[in-house]
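Colleague: I am new to this structure and would like to be taken through it step by step. Could we begin with the terms and then turn to the chain itself?

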Amino acid sequence: MKKPMTTVPFKGTPEQQAKLDAVIAANKDKPGALMPILQQAQDIYGYLPSEVQHYIAGALDIPFSEVYGVVTFYAQFLLNPKGEHPVAVCLGTACYVKGSGILMDKLETLLGIKNGGITEDLKFSLEATRCIGACGLAPVLTIGEDVYGRLEPNMLEGILAKYN
């Protein structure tokens with residue numbers, strides 16, 4: 001599945017830039033430097049916006065397409081920031097059969113964002129996920145560390161209200 005790019009403006013700080021520069025300097029001349037640099041850059045920024053990817057590509061003197069290819073290939077890398085309350089809907093087999101696709105559609109409507117998006121106020125982000133190991137509670141979603149199971153679409157508004 002293609003990862004959507006964010007529409008949230010990038011707001012890096014000088015402190016974050018200094019940390020990234022230190023990471024690049026420490027790893028630049030090592031074989032396979034791109035992966036650890038990307039991992040640490042994501043730790044610094046919380047995700048990998050295109051501005052950071054371009055910066056890393058320039059610092060390593062490699063094409064942006066190479067950096068972007070790695071970022072979009074590995075599920076561990078995020079192109080979008082997570083909201084204050086990240087919502088993840090399980091679309092694994094057990095949850096999907098029990099209606100999690102309908103839950104995802106309803107959440108997209110309630111939050112006004114698509115899968116992979118973040119609300120304008122940065123309060124909620126929405127993502128599809130695979131099995132979270134709570135198949136007996138299908139369909140399941142998580143908001144941060146909170147798990148909600150045996151859900152029906154009419155329950156979602158009340159659940160979201162707890163986080164406003």
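Modeller: A residue is called buried under 20% relative accessible area, exposed over 50%, and partly exposed in between, with a 1.4 Å probe and protein chains only. The model is predicted, so local features need pLDDT of at least 70 and side-chain atom pairs count only at pLDDT 80 or more, while totals for chains, interfaces and linings use all residues. Residues are numbered from 1 along each chain as its sequence is written, and side-chain values use heavy atoms, with hydrogens and water left out.

Colleague: How many helices and strands does the chain have?

Modeller: There are seven helices and four strands in the chain. Helices (H or I, at least four residues) and strands (E, at least two) are DSSP runs, numbered from the N terminus. Read from the N terminus on, the order of elements is α-α-α-α-β-α-α-β-β-β-α.

Colleague: And what does the C-alpha trace span along its principal axes?

Modeller: The C-alpha trace spans about 55 × 30 × 25 Å. Of the 164 residues in the chain, 43% are buried.

Colleague: What share of the contacts comes from residues 24 or more positions apart?

Modeller: Such residues account for 62% of the contacts with a separation of 6 or more. Contact here means heavy atoms within 4.5 Å.

Colleague: Let us look at one helix. Which residues of α6 are buried?

Modeller: The buried residues in α6 are Ser-100, Gly-101, Leu-103, Met-104, Leu-107, Glu-108 and Leu-111. They lie on the same side of α6 because they cover an arc of only 155° around the axis. That arc is taken from the directions from the helix axis to the C-beta atoms.

Colleague: What do they pack against?

Modeller: The buried residues of α6 pack against β1 (85–90), α5 (93–97), β2 (124–129), β3 (141–143) and α7 (156–161). On the face of α6 turned away from the buried side are the exposed residues Ile-102 and Thr-109.

Colleague: How far does α6 reach from its first C-alpha to its last?

Modeller: Helix α6, residues 100–111, reaches 16 Å with its twelve residues, close to the 16 Å expected at 1.5 Å a residue. The expected span is 1.5 Å times one less than the number of residues. Just after α6, Gly-112 has a positive phi of about 70°.

Colleague: Changing topic: how many salt bridges does a search of the whole structure find?

Modeller: The search finds two. A salt bridge is a side-chain nitrogen of Lys or Arg within 4 Å of a carboxyl oxygen of Asp or Glu. In one, the side chains of Glu-127 and Lys-82 meet at 3.1 Å, N to O. This pair links distant parts of the chain, with Glu-127 in strand β2 and Lys-82 in the loop between α4 (64–73) and β1, 45 residues apart.

Colleague: Why does Lys-82 count as partly exposed?

Modeller: Lys-82 is partly exposed because its relative accessible area is 43%. Glu-127 also counts as partly exposed, at 30% relative accessibility.

Colleague: Which side chains meet in the salt bridge at 3.9 Å?

Modeller: Those are the side chains of Lys-114 and Glu-108, with the distance taken N to O. Lys-114 counts as exposed at 60% relative accessibility, whereas Glu-108 is buried with a relative accessible area of 17%.

Colleague: Where is the cis peptide bond?

Modeller: A cis peptide bond joins Ala-138 and Pro-139, with omega about -5°. Pro-139 sits in the loop between β2 and β3. Ile-132 is also placed in the loop between β2 and β3, and at 38% relative accessibility Ile-132 is partly exposed.

Colleague: What about Asp-61: buried or exposed?

Modeller: Asp-61 is exposed, because its relative accessible area is 72%. Its place is in the loop between α3 (50–60) and α4, and Asp-61 has a positive phi of about 55° although it is not a glycine. Leu-122 is likewise a residue other than glycine with a positive phi, near 65°. Leu-122 is found in the loop between α6 and β2.

Colleague: Last one: which residues is Asn-27 in contact with, leaving aside neighbours within four places in sequence?

Modeller: Asn-27 is in contact with Ala-33, Pro-36, Ile-37 and Gln-40. Asn-27 lies in helix α1, residues 14–27, and is buried with a relative accessible area of 9%.
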